[in-house]
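Have the model open and follow along.

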Number of protein chains: 2
Amino acid sequence: MRKRSERRSYSTIVVRHACIAAAAATLSASVIASAAQAEDVCVVKSTDLDFAALEPLQNAANAKPGSRVVPARIIPLPTTTSPKFQAMVAAPYRVPAWDANPKSAAEWKELIAKLAAAGAAVQPALREKLGVTMEPTTIAGVKAFILTPKVIPPANQNRLLYHIHGGGYVYAPGESGTAEATLMAGIGGFKVISVDYRMPPDFPYPAAMDDAMAVWKEVIKLQNPRNIAVFGTSTGGGMTLALVLRAKQEGLPLPAAIAPGTPWSDLTEAGDSYKTNEWVDNVLVSYSGYISHSALLYANGHDLKDPQLSPIYGDFHGFPPAILTSGTRDLFLSLTVLTHRKLRQAGVEAQLQVYEGMSHAQYLFDADSPETKEAFTEIARFFDQHLGK
Amino acid sequence: MRKRSERRSYSTIVVRHACIAAAAATLSASVIASAAQAEDVCVVKSTDLDFAALEPLQNAANAKPGSRVVPARIIPLPTTTSPKFQAMVAAPYRVPAWDANPKSAAEWKELIAKLAAAGAAVQPALREKLGVTMEPTTIAGVKAFILTPKVIPPANQNRLLYHIHGGGYVYAPGESGTAEATLMAGIGGFKVISVDYRMPPDFPYPAAMDDAMAVWKEVIKLQNPRNIAVFGTSTGGGMTLALVLRAKQEGLPLPAAIAPGTPWSDLTEAGDSYKTNEWVDNVLVSYSGYISHSALLYANGHDLKDPQLSPIYGDFHGFPPAILTSGTRDLFLSLTVLTHRKLRQAGVEAQLQVYEGMSHAQYLFDADSPETKEAFTEIARFFDQHLGK
């Protein structure tokens with residue numbers, strides 16, 4: 001008896017939420033659900049629910065300390081981005097990239113190859129637009145690309161940037177991973193070396209970090225480390241942080257500055273924006289999408305909280321100056337601000353830039369967007385302040 | 001006939017959203033709505049809807065460019081704040097403060113007085129805790145408070161901070177508006193003058209700014225302006241920006257630094273987080289709450305986009321260095337980052353700090369929260385870097 005009534009009570013709560021939600025979703029519908037609630041059923045008719053109708057429902061649903069009950073919503077396009085960028089805010093979810101859940105190594109490879117082919121296909125035009133040339137190379141046995149802008153300003157002649165691409169530890173192998181390096185080379189006027197590290201399913205952790213470190217050891221022979229910065233977005237941002245941790249541990253020179261963009265600094269689901277921006281971010285959409293699978297594929301049984309996988313759990317003391325980039329709709333907004341705070345707590349000079357309406361890593365998607373130019377110009381300025389000449 | 005079918009089609013879309021929402025809200029319920037949809041009715045039974053069930057619904061709802069359709073959700077408490085601060089994330093909506101909509105000046109005054117009495121009542125304990133004394137005063141005919149910490153470090157002996165309180169241009173008159181000044185005085189070790197500017201309903205725009213300017217003109221006689229910073233949160237942040245605009249215009253000395261916290265820099269509804277963080281922020285909750293009413297009450301017929309009301313529309317060139325503070329759940333997150341970007345675009349040194357899980361201005365609410373100490377310590381450090389001694 002007791003158990004049954006407990007169940008019914010839980011059901012009633014759930015259904016009350018469902019009704020609030022359903023009502024809210026219409027944005028203009030009146031709820032005629034009360035009669036049906038006793039049956040665990042919520043009936044909504046689309047007529048006239050506005051703020052005044054939502055207000056008491058929401059107040060009731062959020063009257064006690066605890067989780068936040070949020071109604072379904074139709075979030076309009078912001079008027080506060082550039083028109084170019086607004087088109088990216090409007091873009092549909094990226095299917096199948098965001099929610100891929102391949103059941104075998106073969107399926108992963110097929111998907112990765114398909115997305116990589118599409119990504120690589122647009123690189124020549126991007127390089128052409130930004131006046132950047134690309135040279136494939138091999139450094140310490142690891143594949144890499146050298147991106148060189150047509151004009152390198154005098155201040156950057158003796159400087160070198162090291163780029164680590166993103167893609168959730170599975171996407172963007174080969175040329176498809178070079179877009180960010182091209183943008184930085186072209187907008188910032190820097191020579192960039194981009195590492196094409198090995199990835200799952202064939203090469204789980206620590207292959208990617210081993211490759212990134214092997215190349216780092218060579219990069220610091222090519223140029224004075226005080227004239228070198230390391231940057232990357234998402235997985236590339238997480239690996240940038242992990243590289244500094246490992247370089248500290250191995251007693252290697254550190255870069256003079258880093259730019260972890262919306263870094264995947266925690267492979268577990270910790271971080272409030274994993275929930276607040278779930279279904280809002282139109283790039284990653286949800287932690288339950290591909291990244292929850294690729295995290296496990298990459299970790300290959302290792303503890304996700306190992307600082308080499310989730311650098312947020314590492315010690316940031318002694319880190320070089322850092323500039324971090326995110327957006328208000330970014331699923332990794334929390335990871336970015338948590339990383340920023342942790343750097344500041346460790347006494348590191350760290351700057352944060354957050355862009356209006358921006359989902360995960362969207363500053364990489366359109367070279368013509370003013371927001372893209374702004375984000376890379378800010379990073380370039382930061383590097384200019386902190387790199388030797 | 002045509003009209004009727006158009007209506008039905010719109011209805012169907014609306015109901016589809018409602019069903020997605022209802023399903024999502026349960027977080028674990030299966031949708032058995034299909035049969036009912038033809039009747040414009042969505043029936044949801046609370047059994048088993050998980051990510052796998054939501055995924056196709058959400059993909060379908062977000063398959064075309066445009067607004068973002070987001071399901072209802074129950075957002076859990078983040079594990080990534082301090083335990084102290086987590087209690088603030090968990091707090092219920094602040095009823096009636098957030099959604100007040102008084103119908104007359106008398107009703108406004110009653111509400112304001114009631115909230116102010118509650119706010120003032122806790123100030124003595126806050127000052128005691130932080131070792132701060134308060135002295136009411138009058139400067140240029142305007143009421144003000146002088147907050148003095150027990151110990152002023154040698155570096156701050158010749159420095160002075162000027163504080164402008166928040167409260168949507170209606171709340172927090174008198175002592176109830178001094179909490180932020182006390183926190184800054186106590187945590188930062190600065191002498192602070194806090195202006196108790198006139199407010200609606202009796203004194204709409206430009207009374208508040210006239211008072212703030214009148215006191216500013218006296219403050220800069222008390223101390224070298226190069227040793228003075230101005231700070232304030234929400235309305236106080238907007239007024240800080242408007243004060244600098246007006247001081248520029250009137251050829252007055254500018255402060256050496258400013259700290260607009262989650263500034264109400266735009267009284268119109270522009271800003272993506274007005275929508276993305278609606279119902280998520282547990283302090284302001286929604287633009288449709290009291291702030292939409294108080295904005296009009298304050299503006300009193302003036303154009304909301306006048307830079308003296310919405311400083312984001314002003315010219316930020318020549319502004320002093322600025323540090324801005326917000327949170328990932330803040331309804332004003334967009335206003336904060338848009339202000340930050342606009343300052344940077346004008347060549348101003350501007351730093352941004354964003355706190356995990358934080359709703360609007362929540363760094364003011366608990367002196368014992370590590371996040372509060374961190375936010376004010378960062379501002380104090382920033383002032384220390386930019387103020388003369």
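## Helix α9 in chain A

A residue counts as buried when its relative accessible area is under 20%. Keep that cut-off in mind for what follows, and keep in mind too that this is a predicted model.

End to end, α9(A) reaches 22 Å from its first C-alpha to its last, close to the 22 Å expected at 1.5 Å a residue. Just after α9(A) comes G251(A), with a positive phi of about 70°.

## The nonpolar core

In soluble globular proteins, nonpolar side chains tend to be buried together. Here the largest nonpolar core has 133 residues, and those with the most contacts inside it are Y162(A), W216(A), Y162(B) and W216(B).

Take Y162(A) and skip its neighbours within four places in sequence: its contacts include W216(A), V215(A) and V219(A), along with I193(A), V195(A) and F231(A).

## Aromatic pairs

Over all chains, the structure holds 32 aromatic pairs. In one of them, the ring centres of W98(A) and W279(A) are 5.8 Å apart with the planes at 85°, so that pair is edge-to-face. W98(A) sits in the loop between α4 and α5 of chain A and W279(A) in the loop between α10 and α11, so the pair ties together parts 181 residues apart in sequence. Both W98(A) and W279(A) are buried.

Y169(A) and Y298(A) are stacked instead: 3.7 Å centre to centre, with 15° between the planes. Y169(A) comes from the loop between β7 and α7 of chain A and Y298(A) from helix α11, so this pair bridges parts that are 129 residues apart in sequence. Y169(A) is buried at 1% relative accessible area, and Y298(A) is buried at 0%. Ring pairs also link these two into a cluster with Y205(A), W264(A), Y274(A), Y287(A) and F332(A).

## Charges over rings

Each chain gives you one of these to look at. In chain A, the charged end of K342(A) sits over the ring of F316(A), 5.4 Å from its centre. In chain B, K342(B) has its charged end over the ring of F316(B), 5.4 Å from the ring centre.

## Salt bridges

The count over all chains comes to 32 salt bridges. E250(A) lies in helix α9 and K217(A) in helix α8 of chain A, so the pair ties together parts 33 residues apart in sequence. E250(A) is partly exposed at 38% relative accessibility, and K217(A) is partly exposed at 36%.

Over in chain B, D384(B) and R159(B) form a salt bridge with their closest N and O atoms 2.7 Å apart. D384(B) is in helix α13 and R159(B) in the loop between β6 and β7 of chain B, so the pair connects parts 225 residues apart in sequence.

Definitions and conventions:
Residues are numbered from 1 along each chain as its sequence is written. Chains are lettered from A and ligands numbered from 1 in the order in which they are written. This is a predicted model: local features need pLDDT of at least 70, side-chain atom pairs count only at pLDDT 80 or more; totals for chains, interfaces and linings use all residues. Side-chain values use heavy atoms; hydrogens and water are left out. A salt bridge is a side-chain nitrogen of Lys or Arg within 4 Å of a carboxyl oxygen of Asp or Glu. Helices (H or I, at least four residues) and strands (E, at least two) are DSSP runs, numbered from the N terminus. Buried means under 20% relative accessible area, exposed over 50%, partly exposed in between (1.4 Å probe, protein chains only). The expected span of a helix is 1.5 Å times one less than its number of residues. A nonpolar core is a set of buried Ala, Val, Leu, Ile, Met, Phe, Trp, Tyr and Cys residues joined through side-chain atoms within 4.5 Å. Contact means heavy atoms within 4.5 Å. Rings of Phe, Tyr and Trp (its six-membered ring) pair if their centres lie within 6.5 Å; planes under 30 degrees apart count as stacked, over 60 as edge-to-face and the rest as tilted. A charge sits over a ring if NZ of Lys or CZ of Arg is within 6 Å of the ring centre and within 35 degrees of the ring normal.
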